[in-house]
Amino acid sequence: MKVIIIGSTHAGTATIKSILKHNNGVEIDVYEKNDNVSFLSCGIALTVQGEVKEINDLFYSSPAILEEAGANIHMNHEVTAVDTINKTVSVTNLVTGVSSVESYDKLVATTGSWPIIPPIAGIEDQRIVLSKNYTHAKALINYANDDRIKRVVIIGGGYIGTELVEAFNVKGREVTLIDNQPTVLNRYFDHEFTENVAELFQSHGVAVATGKMVESFESQDDAVIVKTNDGNFSADLVVMSVGFKPNTGLFAGQLGMTGNGALLVNDYMQTSNPDVFAAGDSVAVHYNPTGENAYIPLATNAVRQGTLIGYNLMSPKVKYMGTQSTSGLKLYDLNMASSGLTAAHAQELGIDADSITMTDNFRPEFMSSTEPVLMSITWERQTHRILGVQLQSKYDIAQSANAASIAIQNRMTLTDLAFVDMLFQPWFDRPFNYLNLLAQAALDKVESE
């Protein structure tokens, strides 16, 4: 059997390894238009600020490693067309310019995503850059180490944008964060959490300009002027980080897609054509809190989906469990993590939900030290099914978001989480873990209504 894989970042690399591990007699040809594989873009900001010393450490595989494992890796090869009826792909060698048509038995689309580039006048200025791949990372690191770059404007207050705000701020630059939403991290956390982030940025000298829409860029010799509906900002460097879109143009009119172009897949990672599998940023995920498809481009989703393709290549064996979009973020000394829906997002979707936010120390006050944890839980009002949990503290609360993810995955209720068995040891927590206490506070609210 011949399998062609298009793309080799997280989903593609995971697919290659899994197919080779779980299947015999399979010939794999991988076509990658770049000259590298498996780059961890989540480490870009860490490298910019100097936490990661060597950018090449962000690669966890290589063409040579994948070749040695048994795959045929074709770097600098771009797939220009796909024919899912006749099972062929058109490929161009970007080095020699030679084109060919290759046939397959099974095709895997791990074509990823690309940053959204809004049609804003003046955006073609070379001082306006993106943050996505290895090439972007090298450019951003050079800018961060260039003393001529003094004023940096970050447009977009999601995970990538906020991490780059910290990174350039730590490097001593004058940083402004612009977002058209009312708060930073608006899609990921509710107001009490995002307000703390804005205050944290401001305490470090970052200008937070939320609720402002960028209307145009004006190129000057010594600056880029970012013009918004409420004031202008001068910059030596502008970083666009307003989101991503699936890179699925090759399959337009051939495979089922969502409105934004994300490929639809079943529980076994097959598209509407059963001989075409897909994984990663190019697909819509099954979002468990709502039970609907959603576009959530996360490396965790990509790696899991790619791995499942290896199990299911010959026949359906292992179902995709879906996702809670569990994620974490560290800004300065503040840790943040979440899983599932925020209260605001649930309301936006028209879900009959309720929530509660509270603060409690992670371990007893009689210990030599402790830290408060700001936490929130959102639940379905009628069934008390848990829809989302958010956590924020100087204490490392990341693994608690993983526990919350399991609770949402398994459709646990407030009562389940309120009394589920968790360890007690004063070094770590109270007789009731803070997640227990959060769910108990939610039950108290339910009973008082």
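Analyst: Welcome! A polar contact is a pair of N or O atoms within 3.5 Å; within protein, one must be able to donate a hydrogen and the other to accept it, and residues adjacent in sequence count only if both atoms are side-chain atoms. This is a predicted model: local features need pLDDT of at least 70, side-chain atom pairs pLDDT 80 or more, while totals for chains, interfaces and linings use all residues. Numbering runs from 1 along each chain as its sequence is written, and side-chain values use heavy atoms, without hydrogens or water.

User: Which residue has a side-chain oxygen that reaches the backbone nitrogen of T135 at the start of α4?

Analyst: Helix α4 (a DSSP run of H or I, at least four residues, numbered from the N terminus) covers residues 134-144. At its start, the backbone nitrogen of T135 lies within 3.2 Å of a side-chain oxygen of N133.

User: Which residue's side chain makes a polar contact with the side chain of Q392?

Analyst: Q392 belongs to strand β25, residues 386-393 (a strand is a DSSP run of E, at least two residues). Q392 counts as buried because its relative accessible area is 4%. A polar atom of its side chain lies 3.1 Å from the backbone oxygen of F193. At 2.7 Å, the side chain of Q392 also has a polar contact with the side chain of N196.

How values were computed
Buried < 20%, exposed > 50% of the residue type's maximum accessible area, 1.4 Å probe, protein only.
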